[in-house]
Amino acid sequence: MIEEINPAELPFLFREELRLCRVTQGTQIVLVTDLNTRPDYVAAAFAAADDLGARIFEIKISKPFHPVMIASQGGGDTLSSLPGAIHAINSADLVLVFHTALGSPWLQEGRKRGVRFLLILDGPDELKRLMSPPGLKEALTYARDLTKKTKEMHVTSAAGTDFRVKLGELDTLCQYGYADEPGVVETWGGAHFSTWPNPDGSEGTVVLSPGDAWILPYVRYFESEVRLTVEKGYIRDVAGGGSDARLMRQFFKAHQKSPDDLRPYAIAHLGWGLNPNSYLDQIALHGSTTAKIVSHTRAWPGVFLFSTGPNDQGGGTNTTPAHLDLPMFDCSVAYDGKLVIDKGEVVDPKMIVKPVDDLRIAA
């Protein structure tokens, strides 16, 4: 894969990111890697940590981690069976993880002990472009806290979406791109918040239109309309005559444990991104190249992220692996009747972040 940035920039990018993560003299950093982890990332992390006076070492396992899905797949099982590795992680101040480890028991254990985790999943160009701009953390924590105070979210669109969500029983989390506080789990390039609706509190119609996106588990744009009917927190009907509706129906059915298992049809996290430096056309430019789309597609300001399946990360009990992430364009969102997004544009001034035209990393 051809990258646009000069490879010599990587150590400086990592140093800037580690500074945002409050790495100073004596900070202990652990890298969790496998044989597929980019060697230039490992070298850049070591160089940056050494320059900042931190202590750093690497845990490398032989079985590859799954690059996208939860870490209970692939190498996640191997790491969980290595008590020495778990002890090292729990003793760290900051752990750099190069796969999506959100479902890992060892990550959750470390988080509860106050360990900071930073997931690094994107390519070098994306790490540079999406490095957290000034004001992003404040905008996202504001969005998170406002959402926690909200009782009802109402999502509408000209395509026919009319979707009401009751909030308050489960959690709201945000990611702003760097791990600077004890117990946080962040993603370099992350710039979104997620809230989970009350388990039976979602009702209405969600219309996915051509040009809306799949970003998990598939990476593609919708080619035909899909109309979802939601009742008491579950999708009860998937209407549409094209390949998208057919694929979605097959996905849900394949993950059912029994004919009456509704967990794959549950409404999961909802939210949007706020990083003005993200690109909206990454899928069109790069297709399913994971390193090009992981954070970009969740960072788009004002693009409503609708998802289905598990809610355990928000404190719920649904642990189904059947998870869809579906960014929807041109939606309007109201919080308790007050508009915060209007046709895909953020209108709450406290959620608007100024773009950085040229990120310069000092050598």
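**Ground rules.** I number residues from 1 along each chain as its sequence is written. Since I am working with a predicted model, local features need pLDDT of at least 70, side-chain atom pairs count only at pLDDT 80 or more, totals for chains, interfaces and linings use all residues, and side-chain values use heavy atoms, without hydrogens and water.

**Strand E1.** I looked up E1, residues 28-34, a strand being a DSSP run (E) of at least two residues, numbered from the N terminus. Because 7 of its 7 residues are buried, E1 is largely enclosed by the rest of the structure; buried is under 20% relative accessible area, exposed over 50%, partly exposed in between (1.4 Å probe, protein chains only). In a regular strand, side chains alternate between the two faces of the sheet. Here I found both faces covered: Gln-28, Val-30, Val-32 and Asp-34 lie on one side, and Ile-29, Leu-31 and Thr-33 on the other. E1 runs parallel to strand E2 (residues 55-61), joined by 7 bridges; strands pair if DSSP finds at least two bridges between them. Val-30 faces Phe-57 in E2.

**The open sheet.** Next I traced 8 strands in the order E14-E13-E10-E6-E5-E18-E19-E20, with antiparallel pairing. Its edges are E14 (234-239) and E20 (345-346), each pairing on one side only. E13 (residues 226-231) pairs with E14 over 5 bridges, and Thr-229 stands opposite Asp-237.

**Glu-169.** My last stop was the loop between strands E6 (162-166) and E7 (172-175), where Glu-169 is found. Glu-169 counts as exposed, at 56% relative accessibility.

Notes
Helix = DSSP H or I, 4+ residues; strand = E, 2+ residues; numbered from the N terminus.
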